[in-house]
Amino acid sequence: MNVVVTPSARERFTPRELSAAYVHFTQHGPQYLNAETGLSATAYGFGVRVLIVCVEPAVGVMVLATLEEQAAAKRDSGE
């Protein structure tokens, strides 16, 4: 599986935080699962910052992004 860390997530989170979220997600699985799309995700809080880890099964990509990026992507897609 490929892993993508968005530029904004790279700026706001330390490598240790990104790694910890990735390891936790792979070991414990997602917190949320959309039965229709298969999209799975978990939110990790680091102080007031929120990191979203989601897997898009159709393309086999794990994305680590900020909460703001995920909200903007959802708004732009019309969901």
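Here is a short chat about the predicted model shown above.

Me: What pLDDT does the protein chain average?
Reply: The average is 88, and 87% of the residues score at least 70. pLDDT is the predictor's confidence in each residue, from 0 to 100. As this is a predicted model, local features need pLDDT of at least 70 and side-chain atom pairs count only at 80 or more, while totals for chains, interfaces and linings use all residues. Residues are numbered from 1 along each chain as its sequence is written, and side-chain values use heavy atoms, without hydrogens and water.

Me: Which elements have the lowest and highest mean pLDDT?
Reply: Helix H3 (residues 67-77) is lowest at 66, and helix H2 (residues 15-28) is highest at 95. Helices (H or I, at least four residues) and strands (E, at least two) are DSSP runs, numbered from the N terminus.

Me: How many salt bridges does a search of the whole structure find?
Reply: The search finds 1, between the side chains of Glu17 and Arg49, at 2.8 Å from N to O. The term means a side-chain nitrogen of Lys or Arg within 4 Å of a carboxyl oxygen of Asp or Glu.

Me: Where do Glu17 and Arg49 sit?
Reply: Glu17 is in helix H2 and Arg49 in strand E4 (residues 49-56), so the pair links distant parts of the chain, 32 residues apart.

Me: Is Glu17 buried or exposed?
Reply: Glu17 is buried, at 14% relative accessibility, whereas Arg49 is partly exposed at 28%. Buried means under 20% relative accessible area, exposed over 50%, and partly exposed in between (1.4 Å probe, protein chains only).

Me: Switching topic, where does Tyr22 lie?
Reply: Tyr22 lies in helix H2 and is partly exposed, at 34% relative accessibility.
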